[in-house]
Amino acid sequence: MIDDLWYKNAIVYCVSVGTYMDSNGDGIGDFEGLTRRLDYLHGLGVTTIWLMPFQPSPRRDNGYDIADYYGVDPRYGTLGDFVEFAHGCKQRGIRVIMDLVANHTSDQHPWFQQARSDPKSPYRDWYVWADKKPADADKGVVFPGVQDSTWTRDKQAKAYYFHRFYEFQPDLNTANPHVQAEILKIMGFWLQLGVCGFRMDAVPFVIAEKGANIREPAANYDMLRTFREFLQWRQGDAIILAEANIPPELSMEYFGADGDRLHMIFNFAVNQALFHALATADTSLLAEALEQTRQHPATGQWGQFLRNHDELDLGRLKPEQRQAVFAAFGPEKSMQLYDRGIRRRLAPMLQGDRRRLELATSLMLTLPGTPVFRYGDEIGMGDDLSLPERECARTTMQWSDEPMGGFTRSTEPKRPVIAEGPFGFAHVNVAQQRRDPQSLLNWTERMIRMRKEVPEIGWGEFSVLDTDVPGVLAIRYDWRNNSVLMLHNLRAEACEVRLDPEVSGSHDGLLINLLSEEHSRPEEQRRHRILLEPYGYRWFRIGGLDYLLRRDEI
Ligand code: NOJ
Ligand code: CA
């Protein structure tokens, strides 16, 4: 049972094929290159690869504009290369999940081409049309500043079509049973080729009622149950990880009260509160977000992340809270995006400060849920703010200090390479960090190894302990008579945390440090005094029990 629900304690790593490794020297990453890097990922401890969209696409939105759901973009290889990759993963015990973009297609997709050119085409009703421009067409745009409407007139169709995102991404009419059946068919196809589930794009929009003049679109949650049922009939261990930036009070609707809808949801509420905590050293908002997202069904799980391929969306924070994060991590206009977020990568936001990078990563690994890494963060990669919108944080993986960072042997890479500055490949690369036992890469590998030995985080009940020390987040997990305690000091000053035995729950006293030999022995009255360095963190197992010896009892 514990291992069946593999996603409860997975180490997920998000990778985009085109920017990872180019095997044939044409300047674009490909499946063969990625396959060659599987031993690297395996060594790092990754258990699940999340593949960003790789299907044929005009790539006007990083591949989230799909023109054929049943293929591989020829720039990345062939279906055969995909299967070799999936097989390579299987051999190493790595699972693959892939993006499932069901809310919209590319306007180049043959379905849309037929829909726009022939009102009688069966595909006409696969999209969402209106004769006149709806009055609220300028409302609800996802990319303010770049997109000014959600309805665009199509000359050929002589009608307006709905698009939640860019105008080249017409929304699918997901209420149409044929569209729903097609979504299942797409899932079935890739399951057959070896994936173990899907990162489902834009879920709230997939299930929203769509059409002209709908003021408050109803959500069709039942669609989520249909997806899950289908998946589990086809393959019992397949999952959906939802991209759903939803208010916490809706989360049980998405998980399903009986655990019959989504398996996993990215925890956007915690993500925003986490960056607020990193920016201000005030952990109260984070503790609140953890509380608000405490509830999930037994088979449900949160995905915890730091950064992804989009902007750091701070839209759920109050204006003054958002300003505090902007001030700390994205003070310049060029660092901000869509009036709500920051488009930088993690390492530059934290000024490459190793202590803060460790703190942030340690938090991600120990917050309730399953950690999701963004490729390159394990070596502290940077961004290129001269690139438009979110492209700045989608540069190529930095493997070495060879030309083009070892990403390609082409002298004309077709994806941006960071060659200059402190985050350029000369300074930040895998080859150099691999040789250095103290590097961020090797530190991350050790932390991942230990995270796998702490299943309490994925399975247990958590409590946020009151330490009375400002800036310290103390989380305790309990699961099957095992307990761990995670301490994080978000402040730039050292502090001392005192733990009462009742609070730490330490029965025989000892707190075993999981990351060093510095265990904490209680003083008088079984009280602990723990000194945390600036941005310091501790992972303790409570009670001195040797978990590894007790593994069989779990
Ligand atoms: C969410 C994806 O993460 C983002 O990159 C994309 O632009 C939109 N969905 C539209 O697919
Ligand atoms: Ca290539």
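Guide: Gladly! Let's begin with the calcium ion, ligand 2, in this predicted model. Its donors come from Asp22 (OD), Asn24 (OD1), Asp26 (OD), Ile28 (O) and Asp30 (OD), at 2.2 to 2.3 Å. If you follow these donor residues along the sequence, their spacing reads D-x1-N-x1-D-x1-I-x1-D. Asparagine 24 has a relative accessible area of 45%, so it counts as partly exposed. Aspartate 30, in turn, has a relative accessibility of 4%, and because the cut-off for buried is under 20%, aspartate 30 counts as buried.

From there, let's move on to ligand 1. The residues around it are Asp61, Tyr64, His104, Phe143, Phe165, Arg199, Asp201, Glu243, His309, Asp310, Arg390 and Arg394. Sorted by kind, this shell holds seven charged, two polar and three nonpolar residues. Several side chains place a polar atom by an oxygen atom of ligand 1. For arginine 199, a polar side-chain atom is 3.0 Å from such an oxygen. For histidine 309, the distance from a polar side-chain atom to an oxygen atom of ligand 1 is 2.7 Å. In aspartate 310, an N or O atom of the side chain lies 2.5 Å from an oxygen atom of ligand 1. As for cover, ligand 1 on its own has 300 Å² of accessible area, and the protein covers 98% of that.

Technical notes: Residues are numbered from 1 along each chain as its sequence is written. Chains are lettered from A and ligands numbered from 1 in the order in which they are written. This is a predicted model: local features need pLDDT of at least 70, side-chain atom pairs count only at pLDDT 80 or more; totals for chains, interfaces and linings use all residues. Side-chain values use heavy atoms; hydrogens and water are left out. A residue is near a molecule or strand if one of its heavy atoms lies within 4 Å of it. A polar contact is a pair of N or O atoms within 3.5 Å; within protein, one must be able to donate a hydrogen and the other to accept it, and residues adjacent in sequence count only if both atoms are side-chain atoms. Accessible areas come from the Shrake-Rupley method with a 1.4 Å probe; for residues, only the protein chains shown count as cover. Ala, Val, Leu, Ile, Met, Phe, Trp, Tyr, Cys and Pro count as nonpolar, Asp, Glu, Lys and Arg as charged, and the others, Gly among them, as polar. Donors are N, O and S atoms within 2.8 Å of the metal (3.2 Å for Na, K and Ca); water is not among the atoms, so sites may look incomplete. Buried means under 20% relative accessible area, exposed over 50%, partly exposed in between (1.4 Å probe, protein chains only).
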